Structures are given as structure tokens and as C-alpha cells.
Amino acid sequence: MNLLLLLIIIFSILVLVRLANVAQLAAKLSDESEEEEQDNDNRMNGIGLMIFLWGGLILMVYMIFRYKAYMLPVSASEHGVQIDKLMNTNWVVLFIVFVITQVLLFSFAFKYRFNKERRAFFFHDNNKLEVIWTIIPTIVLAALITTGLSEWSNITDYAKRKEGLLIQVYGKQFDWTVRYAGKDNKLGESYFRRINDTNPLGVDSLDVNSNDDLTAREMYLPVGVPIELAINSRDVIHSVYLPHFRVQMNAVPGMTTRFSFKPTITTAKMREITGNPKFDYILLCNKICGVAHYNMNMKVVVVEPADFKEWLKSQKPLFENTVVAAAPATRTVSEKPNEKKIVALK
Amino acid sequence: MEVNQHSSEAHVTETDDHAHGHAHHDDHHDHVENFWTKYLFTTDHKMISKQFLVTAIGMAFIAMFMSLIFRLQLAWPDTKFPFLEGFLGKWAKDGVLDPGFYLALVTIHGTIMVFFVLTGGLSGTFSNLLIPLQVGARDMASGVLNMLSFWFFAVSSAVMLSSLFIETGPASAGWTVYPPLSALPQAIPGSGLGMTLWLISMVLFIASALLGGINYIATVLNLRTKGMSMTRLPLTIWAFLVTAILGVLSFPVLFAASLLLVMDRSFGTSFYLSDIFIDGAPLEHVGGSPVLFQHLFWFLGHPEVYIVLLPALGLASEVISTNARKPIFGYKAMIGSILVIAFLSFIVWGHHMFITGMNPFLGSVFVFTTLLIAIPSAVKVFNYITTLWRGNLQFTPQMLFAIGLVSFFISGGLTGIILGDSALDINVHDTYFVVAHFHIVMGSSAIFGMFAGVYHWFPKMYGRMMNKKLGYIHFWMTIVSVYGVFFPMHFLGLAGVPRRYYANTAYEGFSQLININQLITVFAILGGIAQFIFAFNFFYSIWRGKRATQNPWKSNTLEWTTPVEHLHGNWPGEIPEVHRWPYDYGKPGSKEDFIPQTIPYSETPESNTPDDLKH
């Protein structure tokens, strides 16, 4: 197989050598002067640029319609709808600019291809033009920036969302765990030195806040309730990516990152919308984290708040059985209180 | 100054000797300059530029092969490719690519393309070739530093390639090598010896870039010939000068980032590491921050984008003006926008980090500066388009590549507005949308600038012409495949497909996207074939191409006043004096449609304007 490949490469090089020789000989033999040859090349390439421009634009529009069905469905979170709106406004502006500039670029190239009867227009400076095309982009960009930034501050203003349901998302090579804060909506402290086989998140069992905490390998979310994710990693950087909710935030070892959002569409509803009975929301890892990066994910299920309460009841609290066993191990760590990392800073 | 005078006299006598016995010219040369001093340890900027170019072409082919291998994997994840085992051995047992080696491939592909091809290759080749020739200098300010710059580059390339042959495989944490992944061999095998070699290679590369950069700056500022004021410099030189300044200011920061990473990896410090539990045990490191590395890395990383792009834009300015037979539009606005871009490029790095846990307010500041940088970029695009307007365009291969560059710069620049907007970035960050964006705006633009440069200055480098017909085939296949590869990638990104995934087969939602991936791979293979046509044309023309005339493109700049035959010192006689700016193409009244920089106004009364007399 490799030999074959090598032969193909050698063969094609030989063919190219012959072609180049023939082309050179042909050029010598023909009476065509170099100038005429260049004229011909200018014409052919000029036409080529036109075909490329219009063919490309048509293909582009075709692909936009063709692939529309493959894109993400309607946003399943409140802020995501705003992001999508903003995205569409941006696309309209960018598409117009794209078409105008590309059409001008290629059409000028075609129209002003070389003609020895003609001379280029000696036009090398015009301050008015420079000012115009400095100011117009500035105004357009200012509009885009303002709308973008106001959306950004809405999304990231955590202070506005005090009563959110607190969920810890904990990444490690190569899986995710979620920890629910339980009835008190307070997560117990966790610290990496406390991690062991029975306590994979290193949660402090002596912390009263941790008593009703519970972990799960699937993320259940109640629809219409503000969610606050507190994101941690135990080894390398991961990234919590919930494409259907337009949510993404890195999981960084040594610090807690946060993202607040409100799911608006249940899994069942989204199955109707997409017409796909097998549809499921998913949480992907979106920061290269090691060999199995591509398989690091977690199923996300959005349900009605009542169903969520049912589900929560069926989960076991973290330290129901292990409080006594974990206690001695944690005491040694607690002797150095300043090393503690507090996850729930509420 | 006196030293300089002296050395130029020495060159004159040397060339006089040559003139005496022209028939013995080559023999004579061999005696004075043996193979080692002529081709390897040379201090002649023209030869060093060729060394950079040939090394970069070799590196580019290696990196391109890597991309084709992982493109095969992405398009046909369930198919076995037995021939891969022949290339990769244990990394592709039975023709199935190893997921770890997949990451190594994307990492080394990115590293080679960004640093070795588009930084070392592009600046190394054209700054070296054109700075002395276009400013009118006998050579670089320091020939020895210049030689060292190439040899650091060569050794650095060798070290990077050597990491492909070690047992644990090359660095595989992505070209941005974010710790802790890159710091901990427990996290990924490539972070063992492979990462050490990566860091050594980068340190050598930084040394090369700094030696080169200092030299470029010194040469442009100090060795300009008589009459070559800063506002008579060709835009190529402005671009190279500003690029060199960017490099000198930003590469040391990458050095610092790498050094701290070395300390964390080997000497137990905790600059980037904290609270890590891996391989069943907690690590001792406490107090560091992985985000610190990202700040340091992107403080280089973003200016790096312009280190790659500005020289390409500079080359395009020269090529477009020459082939449009028309002055570049807005010469001063072009210089101004280069300077503004350069300044802004230092304060936009945070747009790579909107969702890394950086304070959201800081993110807003970076949104603002990032979108500001779009303004001078837009000015450049409009100036290029206006240069074409009512020009008289010769579609040489280099002109087509330069037009392609502008097209990519528009397409990629526009998607950059989406990514620079932090709210919109949330959902496309680290997806294929980003991959599409930077491959078009940085990768393809810069490589098209480089191709334009090679086709345009090949006669200057090798004294022969490249085959034009093959150049056209190369151009058309390449531009079609670039858009064919990277345009559909935007859709993958908008569908939420993360980058650096070995396969998407586990995800039901992505399964229908496989045909987009196959389309991309088919175009990638087409593009790969096109590059063989280029390589063949390049090497064939070095020895067998048609002999070049002194000024084949009827160009104004100084390099075309040197003889076709290379000589150390560039001009056989005195260095010519410069009397005008480099863009007097198609000037009304002039006999020909170009007036070289060396022609004084006194010889062109028919075309002088009142403005000219002010000079």
C-alpha cells in the first residue's frame, strides 16, 4: 500500500516534469509572443475570478439552506434566545458587508484586467474616502459592540440572580459529576486533599451544609428555574459546554467559575420541536483535556419542577452512610484551615 | 558610518575582481566560498532567506501531511487506513489512528504552521531577502546574527521534529499548551519528554525570532540608502519593521511563560498549578493559576497573529500595486493602519479568554479593544479594493494570490467580529467556528501572501522564472480548496461541534454532520495535491526555469536594480540613490507606466506634478 502510494507520487512528479517540458516547448514553438500569451492569461483568469465569485456566492447560499436543518435547535435557555437574536442581527450586517466587499474585489479585478491600450488611473490618495471608510465601520461596530456588551453584562451579572438553584459541576479526566446543594441550597466545602474512593469530590463531611448534598452522573434541571452552576475541576482544565442552552464556562483546577442560566424547554418538549424522539441535551467537555477528551460528556435532562422534586427525592444524600468513616481523614486536613477551599461562596 | 563605508568599498574591489575574468567567475567563487560557507554558514542575507524558505517549505509539507491524516480520521472515523501504520507504526495499529496521537498531530500541525512556517518561514524569508534590497543596503546590519538566527531556527525545527520519534509521542496538549495538561505527564503521555522537547524547541525558536527581529529593525532604521526616507519605504518594509517590533516586544513574554512552565514541570514550583488530584494522589502544588499562563501565552499569542499577517499584507501591497500598474491607494493610511493594528494587537489578548473564568468586566474591555482593531483592518481592505479600481491588472500568479489574500482577509475578518463579541463567543468558543475563522484569516491569508511573495520574488532569489501555467493551476486548486475546507467548518461550529475531538461518533446529534466532514476532507486532499504542483514548480524552476530578466515585473523598487546574478553586497557599484516613493505606476505623462525609485525628478519633467517639486 505504501509502496503504491510512493509510486503514485513519483509517477505524478514525472508526469509534471513532462508537462512542464511540453508547455515550455509549446511556448517556444508557437508564434505567440509573450505579450499575447499574457493577454490570454489575463482574460482566462479574469473570467475565472468571475465564475469563482458568483459560483461561490450561489454555493454559499445553497449551503446555508441545505445545512440549516443540522444547526442547533432553538435555544433552550432564556439568555440563549437573546444570544441567537444578537447572532442573527450580526449575520445580517456581516453578510451584507461580505457580499459588497467580495463583489467589488472580484468585479474590479475582472473589469480592470490588463489592456495595453489603456493606462491605470493615477489615483493614490483621497482623504475624504479614507475618512468615510474609517467612520462607517466605526459606527457599525459601535452599534454591534453596544448591543453585544449589554447582553454580556446581562448574562454575567450574577448579583441579579440570588435565588438560583445551586449545582456544582465537577470535571475530571474523563467524566463529569454534578452535586446538588439539597434543601438548604448550600454546598458543603470540598478540598482536593480529601478526595478518596468513596468521596470523589473531596466534600467535607463535617460541614453541616454537606449533609443533604447529593451527587449524580446525569444533570437534571427543573424548567423555568434559574440555575447557578459552580464549576470545578480536579486535574486539568475542562470546559462545561451546553450548546443547546448557549452556555459555556471553563472548569479550572484551583478556582470556582460560575455560570447562571434559566432552562426554558423540557427535554420532552424539545423532542417535539426537533421531531427527534431520541433527542437529549448534552454537556460536552470543550477544552482539550487528554486522550479521551472526545468522550467526556454527561446527559442533561430538563423536567418540570414537580418531576425534578421527585427525582431529587429518589437520590441518596452524600453522607448518609459514610459520615463516621470519613471523619478521621478530614480532621487532619482541618488542622490547616487556611488551606481550605470553599466552593459555595454564597 | 565609517565602518560601513569601508566595507562597501571592500565589496566594490571584490566585484571588480570578478569582472576581470568573468569566465572563471564560478570557479573563483568556489575557491573563496566553499560549499559550507556559501550554502550553510553563510552571512549573505539572500542565501539566508533561501535557507529559511526551503526549511519552511519542508516544515509546511510535514504539517500538511499531519492535517491530511487527521482529516481522514474525522471524515471516516470507522474506516481503517492500513497505509497509516506504515507511516505511524504503533500510533496507527491496524490502520486505526490512536486518539492520543490524534491530539499530537493537531498540536504539532498547529505549532509548525504558526511558528515555523508563518512566523519563521514568512518573516525569515522575506524580511531577509527584501529589507537590504529594498532599503538599499549591502547586507543586514549584522550578518553573523542573521546566520545565527537561521541556525537557531534550523536546530529548533530539528528538535521539534525529533519529538515525533520518541516513545511517549510529541507534545499533545494543543498548540496553546495550556497547563495543567501540558505540565503533567500523568495527564497525557505527550506531556512527558515530548513537551520538554517542545519547550526546548520554542526557546530556540524565540532566540531565532529575536536575533532576526533586532537585525531587521536595526537595518531598516540605520542602513537606508541616500534619499530613502521613512515615507519612501515600500509598504513591505513598513510591514516587516512593525512585525519585527511586535516580535521583539512579545516573544520574550512567551519565553517567560515557557520558563515558568519548565519550572512547574521540572522544579516543583506552582506558578500554574493548584489543587490537583491526579493518578490517585493529590499533588503538592498549591497557589498557582492556570489562567496566568493563558494571559502570558496570549500576550504573545495575539500579536503573533499580526506577526503572521502583517508581512503577508505588506507583500500583497507591493504585489497588488505592481501588477495593477497603479500606486497603492492611501500609502500613508496604510502605514497608519499598520501602526494602529500593531498597537492594538497588544491590548486584545483577553478575547481568547472570555470564558476561562476571567472577570466578565475585563472581558468587556477586551471586546471593546478587539472590535476597535477591525477599523484599521477595514481601512486596509478598502484601500486594496480601491487600488484595483481603474487599475490595469496583470494576472500573474502572484497577483491572483494577493487578490485571494484580500478575499480571505475579508471573510475571516468578518467572522472575527462574531468571536470578538463576548456574548456571541460563549456558544462558538473552542468549536469548529474558531478553527474556520483563524484558518481563513490568519492561516490562509498569510500563506497566500507567502505564495504571492514566492512567485513575485522567485526571479530575484534564483535568477529564474517559475512556470506561470503551473502557478495558475496551483492558485485555482488552492483557493477552491481553502474555501471548500474552511467555509463548511463554520456550520460545524454553529452546530456546536467542539474542536480537538478525535471522533464525533458518540454523539447522535452530530452524526448527520459526517457528510460535511467528508466534504472538507475531500477538499483538503485536493489542496494537498495542489501543493505538490507548487513544490514541483518551485524546485524544477530553481534549476530548469526560464532565465529571468533584471526587472521582469517592471517594478519600481530597488531590488530590481541589482544584477540577476547574486553577489555579496548586492550592487556591483555604488548603492543607488533614491529620489521618489516606490509607487509611481501609471503616472500621467510618463513614457512607461512605471518610474523606478532611482530616477530623479529632473529626468522626468514630462510627468512631474507640483507636489513632486516640493520634495
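In chain A, the loop between β2 and β3 (214-216) contains A:N185. In this predicted model, A:N185 adopts a positive phi of about 50° although it is not a glycine. With a relative accessible area of 26%, A:N185 is partly exposed. A positive phi is also found in chain B, at B:D430, where the angle is about 60° and the residue is again not a glycine. B:D430 belongs to the loop between α15 (422-428) and α16 (432-462) of chain B. The relative accessible area of B:D430 is 6%, and the residue therefore counts as buried.

In chain A, the bond joining A:Q173 and A:F174 is cis, with omega about -10°. A:F174 is located in the loop between β1 (165-172) and β2 (175-180). In chain B, a cis bond leads from B:P179 to B:P180, and its omega is near 5°. B:P180 is part of the loop that runs between α7 (143-162) and α8 (193-222) of chain B.

Chain A comprises seven helices and 10 strands. Of its 346 residues, 47% are classed as buried. Among the contacts in chain A with a separation of 6 or more, 72% are between residues 24 or more positions apart. The accessible surface of the chain amounts to about 17300 Å², and carbon and sulfur atoms account for 63% of this area.

The largest nonpolar core has 285 residues, and the members that touch the most others are A:Y180, A:M219, A:L229, B:F115 and B:F538. The greatest contribution to this core comes from helix α6 (residues 99-135) of chain B, which supplies 20 residues. Another core, of eight residues, lies apart from it and includes A:Y170, A:I195, A:L201 and B:F277. Beyond its neighbours within four places in sequence, A:L229 is in contact with A:I167, A:V169, A:M219, A:V240, A:L242, A:T257, A:R258, A:F259 and A:F261.

A:N286 occupies the loop between β9 (281-285) and β10 (297-303) of chain A. Its relative accessibility is 1%, so A:N286 is classed as buried. When neighbours within four places in sequence are set aside, the contacts of A:N286 within chain A are with A:S239, A:Y241, A:Q248 and A:H293, and those with chain B involve B:H429, B:D430, B:T431, B:P498 and B:R499. B:D430, one of these contacts, is the residue with positive phi noted above. The side chain of A:N286 also approaches the backbone oxygen of B:H429, at 2.9 Å. A:H244 is 42 residues from A:N286 along the chain, and the C-alpha atoms of the two are 14 Å apart.

Cysteines were examined for disulfide bonding. A disulfide is a covalent bond between the sulfur atoms of two cysteines. Across all chains, the search of the whole structure returns zero disulfides. For A:C285, the closest cysteine sulfur is that of A:C289, at 3.9 Å, which is too far for a bond; the cut-off applied to a disulfide is 2.5 Å.

Definitions and conventions: Residues numbered from 1 in each chain as written. Chains lettered and ligands numbered in written order. Predicted model: local features only at pLDDT ≥ 70, side-chain atom pairs only at ≥ 80, totals over all residues. Heavy atoms only, no water. Helix = DSSP H or I, 4+ residues; strand = E, 2+ residues; numbered from the N terminus. Buried < 20%, exposed > 50% of the residue type's maximum accessible area, 1.4 Å probe, protein only. Contact = heavy atoms within 4.5 Å. Polar contact = N/O pair within 3.5 Å; in protein donor to acceptor, adjacent residues only side chain to side chain. Core = buried A, V, L, I, M, F, W, Y, C linked by side-chain atoms within 4.5 Å. Areas by Shrake-Rupley, 256 points an atom, 1.4 Å probe, with all protein chains shown as cover.
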